Amino acid sequence: MGKSSRTSPKVAVLMGGPSAEREVSLSSGRECAAALRGEGFEVVELDAGPDLYARLLDIKPDVVFNALHGRWGEDGCVQGLLEWMRIPYTHSGVLASALAMDKQRSKEVYQAVGLPVVPSVIVPKVEVTEVHVMEPPYVAKPNNEGSSVGIYIVHEGSNGPPQLSEDMPEFVMVEKYIAGRELTVTVMGDRALTVTEIMTDGGWYDYDAKYKPGGSWHVLPAEIPQDIFDRCLDYALRAHDALGCKGVSRTDFRWDDGMGADGLFLLETNTQPGMTPTSLVPEQAEHFGMSFGQLCAWMVEDASCDR
């Protein structure tokens, strides 16, 4: 962390930004800023816009707490700016952020270290809307957006291919749909915390289920066989390390419980997991006796350049 004459570091909390996940980021940022003030930090809330460089020059923070989600904030772009300015920041660095945000590239990293992934292809959007590029059931989603923005499930017996919205990118990921249970693991530093099972009424952990009260509920720790539980912890830590993540990350899984250990697959690693009242990471930290404020303070103390 940068040296300062102040007794407590000045923290700029980056939030908002121009991505599809702006609203979620604003919510995360406000919560983290309030928690850090409660821990005694001097905090400036900063909505990340085109003037970000000038604003940071003006604020002169000791540390940036990155509460951005989605493109530009989570994909290595803002991390590169902070490295250039030599301002210590939270979460992962440039390369790990870029890799984790690109779902196909992160899958290639997982496979290289022997972690199980779901078969997928990257296909032009026009092709996905014209023919089944994969035998249903499958999922079509952007390759580089998070928070389940723009996810289409094509079920067995579907009349035809999905009609994707205008704002889907030119190329999309089409991935085999794995029926089963939704599991997630937080990695904090060099430790995998625990396994949460995410339950939803609709059977899919979509944007509303994630961020609207009552949209989903969490079983923590997950009530699953010990060998599956241990595998989730092991795989999440290996994924975090293989991508080169720092600070806090969260890795999501699907588990087809009819297939035992062979039914467990990594979906993706989030380098900027949500930090809202309904978020999974703060819940897992609290399970180990760490308050939301203590978690945010740990992340500030962990901040650095050259991540």
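**Close-up 1. Arg 71 over the ring of Trp 72.** In this predicted model, the charged end of Arg 71 sits over the Trp 72 ring. The distance to the ring centre is 4.9 Å.

**Close-up 2. Arg 191 over the face of Phe 288.** Here Arg 191 lies over the Phe 288 ring. Its distance from the ring centre is 4.4 Å. Aromatic pairs number 0 in the structure.

**Close-up 3. Leu 95 in helix α4.** Helix α4 spans residues 94-101 and contains Leu 95. The relative accessibility of Leu 95 is 62%, so this residue counts as exposed; the cut-off for exposed is over 50%. Leu 95 and Lys 246 are 151 residues apart in sequence. In space, their C-alpha atoms are 11 Å apart.

**Close-up 4. The open sheet of 4 strands.** The strand order is β4-β7-β5-β6, and the pairing is antiparallel. Strands β4 (120-124) and β6 (152-154) stand at the edges. Each of these two has a single partner strand, so one side of each lacks a neighbour in the sheet. On average, neighbouring strands of this sheet are turned by 25° against each other, direction ignored. Strands of a sheet pair through backbone hydrogen bonds.

Close-up 5. Strand β5 covers residues 138-142 and strand β7 residues 171-176. They pair in the antiparallel sense over 5 bridges. Within this pairing, Tyr 138 stands opposite Lys 176 of β7. Helix α5 (residues 103-112) packs on the sheet. Helix α5 touches β4, β5 and β7. The direction of helix α5 makes about 45° with that of β7.

**Close-up 6. Cys 77, a cysteine in no disulfide.** The structure has 0 disulfides. For Cys 77, the nearest cysteine sulfur belongs to Cys 245 and is 16 Å away. A disulfide would need the two sulfur atoms within 2.5 Å. Cys 77 counts as partly exposed because its relative accessibility is 43%.

**Close-up 7. Cys 296 and the sulfur of Cys 32.** Cys 296 is in no disulfide either. The nearest cysteine sulfur, from Cys 32, is 4.0 Å away. The cut-off for a disulfide is 2.5 Å between the sulfur atoms. Cys 296 has a relative accessible area of 0%, so this cysteine is buried.

Technical notes
Residues numbered from 1 in each chain as written. Predicted model: local features only at pLDDT ≥ 70, side-chain atom pairs only at ≥ 80, totals over all residues. Heavy atoms only, no water. Phe/Tyr/Trp six-rings, centres within 6.5 Å; stacked < 30°, edge-to-face > 60°. Lys NZ or Arg CZ within 6 Å of the ring centre and 35° of its normal. Buried < 20%, exposed > 50% of the residue type's maximum accessible area, 1.4 Å probe, protein only. Pairing = 2+ DSSP bridges. Axes fitted to C-alpha atoms, helices over the stretch in contact; angles between N-to-C directions. Contact = heavy atoms within 4.5 Å.
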